[in-house]
Amino acid sequence: MPTRDDLRDLTPDEFRAAAHRVADLAADYFATLEKYRVVPDIEPGAIRGRLPARPPDGPEPLDDVLADYLALIEPNVTHWQHPGFMAYFPASASGPGILGEWLAATLNSVVMMWRNAPAPTELEETVVGWLREMFGLPAAFDGMLTDTASMSTLTALVAARHALPGLAAREEGLAGRDGLGRLRLYCSEEAHSSTEKAAIVTGIGRAGVRRIPTDDALRLRPDLLAQAIRDDRATGWWPFCIVGMAGTTSSTSVDPLPEIARIARDEGLWLHVDAAYAGSAAVCPELRPLLAGWEEADSIVINPHKWLFTPMDASLLLFRRPEVFRDAFSLVPEYLRVKEAAGVHNFHEYGIPLGRRFRALKLWMIVRTFGVAGLAARVREGCRLAALFAGWVDGDPDWQRLAPAPFSTVCFRHRPAAFAGREDEPTVAAQLDAHNEALMARVNADGSVFLSSSRLKGRYTIRLALGNLRHTEEHVAHAWALLREAGRAA
Ligand SMILES: *Cc1c(COP(=O)(O)O)cnc(C)c1O
């Protein structure tokens, strides 16, 4: 029989000592992070081979576990916090955000409803209101926190589906019923895959997603959208939703949201705006015009875990009609029935998960520690550095920008001046693609920076994504020097 002592957790004193050591590990990490390559030089399987295949039967000293963390785990992550990390999108974990995660894990509140998480519920309501106001959005928006933009968009599409009269998918399901049209959702060719994934999950199917071509600046063309809706109605489809992009993943382009909102209104369609990355830019009042029209949406997703210095995970889903979400999702099992919750959200009734993490705490700590003006200044600095880099590209005849750079991301490639004007000749186009792919691989092999790529209108593009807290002008200049060197060597 185990004794009571065998069954206990760390004592408060043991926990305190270990927590101090972990605090040191984390602080040391930030102090010395640049000793690492951004992307570890390892092959798939390299770590698994150094981990025991079987779990330990008895207890191991925490010291040994932390030593293995330092030897095996920390050096072998891709360092998203490294100032040379300029791939994909910004994702900074700030000090106050990490501390908020830690305290949230300590309380381990399960934020289903007010009764089992009163302060977390009310803090979430408060922080959602703060963020909405910080982004300059009207008070008509209610909202909640989810884990990711993928979840926020899925949740919004279920609500959009629910709002369509005559469908009753919640009660009746979608398959095998007479008299139903097929559901159609519209988004641009540049829209994020999470929209398509939500269509897969909600029974709309990939065929139900109609991707509308974009203009030269990679924005959805409203004329083609309106035409597509007309054609679909004429052939028996049931249009129900438009997903507008406020900051596409590849190029950060923003769809013409005012025109799209007008079409959504005229056609009676739900408008969901995907501002997962660029929405945080709205904390800077001078950048809000770039997102104009998003305030007319039925729902909006913004990821503080991208560009608002919040550790994974935190996605903000805003919506105008909370009752539609509640009607779409609410199932209150007998064991959760309560009387008293008037005037507060029982958040589990508005979305998919029942148990929810206490995400509001870290956001509250971040906003209070940096202040709204401090957050805006940090976002602005990411944009300043991106504009600086874009200027260097524009000023060099051997380099070419492939998209406008309104936020903190620049799309560009090496296009030696000798090829100017011949980019679309098939052999030149193929050469430039292969050349830039090799050039980026050479730059990344240096280990001090990490860039990623995409394709825009078929052209391979290198992307430089700024907006992390630790990026400085020196780091951006270093990336540019490496790129130019690789361009000359090619
Ligand atoms: C990153 C991103 C997503 C997906 O975000 P997750 O939180 O990882 O699900 C969706 N849309 C856009 C525009 C994005 O940039």
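Phe389 is buried in this predicted model, with a relative accessible area of 0%. Its ring forms an edge-to-face aromatic pair with Trp480, at 5.5 Å centre to centre and 80° between the planes. The count of aromatic pairs in the model comes to 18.

- Trp480 counts as buried, because its relative accessibility of 8% falls under the 20% limit.
- The pair counts as edge-to-face because its 80° angle between the planes is over 60 degrees.

**The pair Phe85 and Tyr88**
- Phe85 and Tyr88 form a tilted aromatic pair, with 6.1 Å centre to centre and 55° between the planes.
- Phe85 is buried, at a relative accessible area of 0%, whereas Tyr88 is partly exposed, at 38% relative accessibility.

**The aromatic cluster**
- Phe85 and Tyr88 also belong to one aromatic cluster, together with Trp80, Phe89 and Phe450.

**Charges over rings**
- Arg184 places its charged end over the ring of Trp237, 3.6 Å from the ring centre.
- Arg368 has its charged end over the ring of Trp364, 4.9 Å from the centre of that ring.

Conventions:
Residues are numbered from 1 along each chain as its sequence is written. This is a predicted model: local features need pLDDT of at least 70, side-chain atom pairs count only at pLDDT 80 or more; totals for chains, interfaces and linings use all residues. Side-chain values use heavy atoms; hydrogens and water are left out. Rings of Phe, Tyr and Trp (its six-membered ring) pair if their centres lie within 6.5 Å; planes under 30 degrees apart count as stacked, over 60 as edge-to-face and the rest as tilted. Buried means under 20% relative accessible area, exposed over 50%, partly exposed in between (1.4 Å probe, protein chains only). A charge sits over a ring if NZ of Lys or CZ of Arg is within 6 Å of the ring centre and within 35 degrees of the ring normal.
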